[in-house]
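Try each task before reading its solution.

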Amino acid sequence: MTNLLNDECGFVVSAELILVATIAVLGLIVGLAEVRQAVSAELEDVAAAIGSLNQSYCYTGMQTPKGHSNGADFQDHDDFCDGQEDIVGTDATREGQTNG
């Protein structure tokens, strides 16, 4: 039993594995945080593109000998977040924008 307790042959290998695993986990955490930031910035770009679509429409009426129809129109008003820049609050969201 004493020989088993004093045996340290596998200690160096397990210490190296713990060190490598710790460095790998730290690298994964940093990498996933950057991926999260990039995905968030791209989703904000998509949301801004969808929000900038003009949804207004207009059509004129038509008159025939048998009757007529009236025209109609709809004006798209700005929503709460339309036109806001930098919703996420990072420099990555200003990609390709110019100040003016």
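Predicted model: local features only at pLDDT ≥ 70, side-chain atom pairs only at ≥ 80, totals over all residues.

**Exercise 1. List the secondary structure elements in order.**

Step 1. Count by type. The protein has two helices and four strands.

Step 2. Read from the N terminus. The order is α-α-β-β-β-β.

**Exercise 2. Describe C58 and what it touches.**

Step 1. Check its cover. The relative accessible area of C58 is 61%. The cut-off for exposed is over 50%, so C58 is exposed.

Step 2. Leave out residues up to four places away in sequence. C58 then touches A72 and D73.

Step 3. Compare sequence and space for C58 and A72. They are 14 residues apart in sequence. Their C-alpha atoms are 5.8 Å apart.

**Exercise 3. Work out how much of the protein is buried, and what its surface is made of.**

Step 1. Start with burial. Buried means under 20% relative accessible area. Of the 100 residues in the protein, 4% are buried.

Step 2. The protein exposes about 9,100 Å². Carbon and sulfur atoms supply 61% of that area.

Step 3. Look at the contacts with a separation of 6 or more. Residues 24 or more positions apart account for 35% of them.

**Exercise 4. State how confident the predictor is, and where pLDDT stays under 50.**

Step 1. Take the whole protein. The average pLDDT is 77. A score of at least 70 is reached by 75% of the residues.

Step 2. Go to residues 90-100. Here pLDDT stays under 50.

Step 3. Note the contacts of residues 90-100. The model has eleven for this stretch beyond four places in sequence.

Key:
Residues numbered from 1 in each chain as written. Heavy atoms only, no water. Buried < 20%, exposed > 50% of the residue type's maximum accessible area, 1.4 Å probe, protein only. Contact = heavy atoms within 4.5 Å. Areas by Shrake-Rupley, 256 points an atom, 1.4 Å probe, with all protein chains shown as cover. pLDDT = per-residue confidence, 0-100.
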